[in-house]
Amino acid sequence: MSRFVHPAGDRHAEMLPHERPPLAPADLNRINPAIWPRTSTRTDGTLTVGGVDVRELAREHGTPLYVLDEDDVRSRMRDYATAFAGSEVHYAGKAFLCKEIVRWLHDEGLGLDVASGGELAVALSVGFPPERITMHGNNKSVAELTRALEVGVGHVVVDSYEEIARLGHLAQELGKRPNVMIRVTTGVEAHTHEFIATAHDDQKFGLSLNTGAAAEAVRRILALPQLELVGLHSHIGSQIVDTAGFEVAARRLTALLVQIKEEHGVVLPELDLGGGYGIAYVEGDEAPDIKELADGLREIVTKVCTDAGLPVPRLTVEPGRTIVGPGGITLYSVGTVKDVEGLRTYVSIDGGMSDNVRTALYGAEYTAALVSRESTAEPMLSRLVGKHCESGDIIVRDFHLPADLVPGDLIAVAATGAYCRSLASNYNYLPRPAVVAVSGGRSRVIVQGETEDDLLRGQL
């Protein structure tokens, strides 16, 4: 029986390794190019990313450390821009956002999705064109909507009746007419973890297609001349590796487009199918080919709209994880190595759930490796754990490391560019690590690491 379940699902922590032991890889030193950053390689046994030795990174910047392969991230931005030429590609800032990422997006010609006033502030601080920004969120404040209107964001995705009224009132006061999309919950079940499936009715996002709430939202927006309804938006979940769910969602959204045309005589010009595309975290995971994904989504939208007698709307997609996730690694130093006889070896590192809560939050899986040297030692069944006062402080539940592992060795966890720094906390008063970008044999800090002074700032 395979040890794998769904990529974002539970790993059944209660099972002992002798009941379902994971198989040791043939080569503990292998760096799988499908999982690690595109510029990753082993040089004299040591991992280098962007031409920089991880030992040098640890000496210069300390650990834990988020490392981002700039060439990898930029190349994935270009991949999307090329594959979706003629459509809109908006990076989902929630995956990981900082000033430097926004600069890369600007350089590569992508748009940006923000989900808070803070994310909007990051984009505006470096002069990102507001017309290339879409404002998301299920509970946007008056202040957030006001600033979005004042700066002229390209789209506001409305999420409730209250927000429609609130936005209409603010637009009238400010003399603005924003482009509006409706977030529609289509009832499509994305085969993913409960907490990252976002298109079923019983959750906080959007307006239900099944109950008629989405159709009522259309009526309310069209009744407000200060709002310009331009399209429908859908997001069916995360870590999705095929287009089947998107096809069902597109068909249901098209049925609503037909209803809007018949009831109001209005043909909406835009359709946003969201993001949620998956990446490879462990051996056996599949990631969609971007060109095949683009061709498939365009074919789906063209077919369903043509069948319905509608003009094909302008398509927008919102990748986040697939752009920034694979290019990131997290570098840790080993602190203690504790063998629990008959079970496994617990390898404790100098970070943990404060810098990567995904395993504790929804059972995410990761690939990790000894990266400061190569080893020919026997494989040792291991669990990579943090230093927090929680038994659930686990980064990688079951994998193999060399049996000669010692304190001071460097461990890297792959595919941590998305949602790790974004979800980071100061639990147990640990400072959040720095983020460094590597390229061409050089590293530079793009987000400073926190200090104890930062932790104490604001306390009286």
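Arg220 and Glu216 lie four residues apart in helix H7, so about one helical turn separates them; helices (H or I, at least four residues) and strands (E, at least two) are DSSP runs numbered from the N terminus. In this predicted model, local features need pLDDT of at least 70 and side-chain atom pairs count only at pLDDT 80 or more, whereas totals for chains, interfaces and linings use all residues. Residues are numbered from 1 along each chain as its sequence is written, and side-chain values use heavy atoms, with hydrogens and water left out.

The side chains of Arg220 and Glu216 form a salt bridge, with a distance of 3.0 Å from N to O. A salt bridge is a side-chain nitrogen of Lys or Arg within 4 Å of a carboxyl oxygen of Asp or Glu. Arg220 is partly exposed, at a relative accessible area of 36%, and Glu216 is also partly exposed, at 23%. Here buried means under 20% relative accessible area, exposed means over 50%, and partly exposed lies in between (1.4 Å probe, protein chains only).

Helix H7 also packs against another helix. Two packed helices are described by the angle between their axes and the distance between the axes. For H7 (residues 213-222) and H8 (residues 244-264), the angle is about 45° and the axes are 11 Å apart. The axes are lines fitted to C-alpha atoms, for helices over the stretch in contact, and angles run from 0 to 180 degrees between N-to-C directions. The angle makes H7 oblique to H8; angles under 35 degrees count as roughly parallel, over 145 as roughly antiparallel, 65 to 115 as roughly perpendicular and the rest as oblique. The crossing of H7 with H8 is right-handed, a term used if the near helix is turned clockwise from the far one by less than a right angle, and left-handed if anticlockwise. On the H7 side, the contact is made by Ala214, Ala215, Val218, Arg219 and Leu222, and on the H8 side by Leu256, Gln259, Ile260, Glu263 and His264. Contact means heavy atoms within 4.5 Å. Six of the residues in the contact of H7 with H8 are nonpolar, two are polar and two are charged. In this grouping, Ala, Val, Leu, Ile, Met, Phe, Trp, Tyr, Cys and Pro count as nonpolar, Asp, Glu, Lys and Arg as charged, and the others, Gly among them, as polar.

The structure holds 27 salt bridges. One of them joins Glu108 and Arg74, whose closest N and O atoms are 2.9 Å apart. Glu108 lies in helix H3 (residues 99-108) and Arg74 in helix H2 (residues 70-83), so the pair ties together parts that are 34 residues apart in sequence. Glu108 and Arg74 are both buried. Both belong to a network of salt bridges that links Glu70, Arg74, Arg78, Glu100, Arg103, Asp107, Glu108 and Arg444.

A further salt bridge is formed by the side chains of Arg432 and Glu450, at 2.7 Å from N to O. Arg432 is in the loop between strand S19 (410-414) and strand S20 (435-439), and Glu450 is in the loop between strand S21 (442-447) and helix H12 (452-456), so the pair ties together parts that are 18 residues apart in sequence. Arg432 is partly exposed at 25% relative accessibility, whereas Glu450 is buried at 19%.

Leu170 touches Val142, Leu145, Thr146 and Leu149, not counting residues up to four places away in sequence. Leu170 and Val142 are 28 residues apart in sequence, and their C-alpha atoms are 8.1 Å apart in space. Thr48, in strand S2 (residues 46-49), is buried at a relative accessible area of 10%. With residues up to four places away in sequence again left out, Thr48 touches Thr39, Ser40, Thr41, Thr43 and Asp53.

Backbone geometry was considered next. Most residues other than glycine have a negative phi, and most peptide bonds are trans. Asp44 has a positive phi of about 55° although it is not a glycine. Asp44 is in the loop between strand S1 (41-43) and S2, and is exposed, with a relative accessible area of 78%. Tyr429, also not a glycine, has a positive phi near 60°. Tyr429 lies in the loop between S19 and S20 and counts as exposed at 52% relative accessibility. A cis peptide bond joins Thr63 and Pro64, with omega about -5°. Pro64 is in the loop between helix H1 (54-61) and strand S4 (65-69).
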